[in-house]
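Let's take a friendly look at how two parts of one protein meet. Keep the picture beside you as you read.

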Amino acid sequence: MAVVNMNGEVVPKEKALVNVYDHGLLYGDGVFEGIRFYNGKIFRHHEHIERLYESARHILLEIPWGRDRMMAEVEKTVRASGMSDGYIRLVVTRGVGTLGLDPARCSHPQIIIIVDTIALYPEKFYEEGLEIITSSVIRAHPNTISPRVKSLNYLNNILARIEASRAGCQEALMLNHLGEVAECTADNVFLVKNGLLRTPPPNAGILEGITRNTVIELAKAAGIEVQEIPLTRHDVYSAEEMFLTGTGAEVIAVVKVDGRPIGTGKPGPITKTLRERFMVLARS
Ligand code: PMP
């Protein structure tokens, strides 16, 4: 059953309501995490909490709980849901303020932990792979709000996602301000070329995904060389394989970009191996 922890109190989702003066709602002023749990075990819990606190620090948002309390509250909420597999959305907003930007006039941050399920892409795409387009909307310039901050402002990703839907696709590839490959709207990007795995580095205008980092570890353990290097659309179009990683998506193949087949146009062997190894690790 979906449940929500509101500042330490677990309530059914229908009772989980926010104040309309919360600056998370009025200005997108806040940060969040998306975390999965498998067999009752929270996947990469520590890493997600670290990233949350780093994002909060970047926007000068002081989270009223320490990391230990936060992890305990997340565990408590998962137990209260009675679910063994699911998705956690952890949100920290600046809190209730006035009708002006000044965060100093907000009372105190609001901590919301939602435990529910998520299905990012229909099941058939895990078999067949995704067809995606390159979006005309780029990732935010690093001198605006860094894409490394998982903030409550996702409008550029949302605009790209709308563009994808209008093109009949589930996802869009987003470039950075230099025209290099950044990431998809909620996932990181990997290419396979000459048997090597390549992915953009953390400063390429991406969120440094926890699934991404796990897949890099898994690839290295499987003897596959990994390069974190800037990539262009040429690299995409000439890749042997392509796949995306993310908490919601897990690992999913991409078989066509901008109408061009990638490699054979079918999910490739390295993609399949890494997806299998990822699912085994997650469920272990
Ligand atoms: N990029 C963006 C923009 C994201 O929102 C996410 C999270 N869904 C990711 C990449 C993947 O990160 P993670 O593997 O930590 O979920």
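## Before we start

This is a predicted model, in which local features need pLDDT of at least 70, side-chain atom pairs count only at pLDDT 80 or more, and totals for chains, interfaces and linings use all residues. Residues are numbered from 1 along each chain as its sequence is written, and side-chain values use heavy atoms, with hydrogens and water left out.

## Two domains

The domain assignment gives domain 1 (3-116) and domain 2 (123-282); such bounds come from an automatic or database assignment. Their C-alpha centres are 26 Å apart. Each domain gives 22 residues to the contact, where contact means heavy atoms within 4.5 Å.

## The buried area

Together the domains bury about 1800 Å², with 63% of it on carbon and sulfur atoms. Buried area is the accessible area (1.4 Å probe) that two parts lose on being put together, summed over both. On the side of domain 1, Phe32, Phe43 and Arg51 lose the most area to domain 2, together 33% of what that side buries.

## Salt bridges across the interface

How many salt bridges does the rule find across the interface of domain 1 and domain 2? There are two, a salt bridge being a side-chain nitrogen of Lys or Arg within 4 Å of a carboxyl oxygen of Asp or Glu. The side chains of Arg36 and Glu250 also meet in a salt bridge, at 3.6 Å from N to O.
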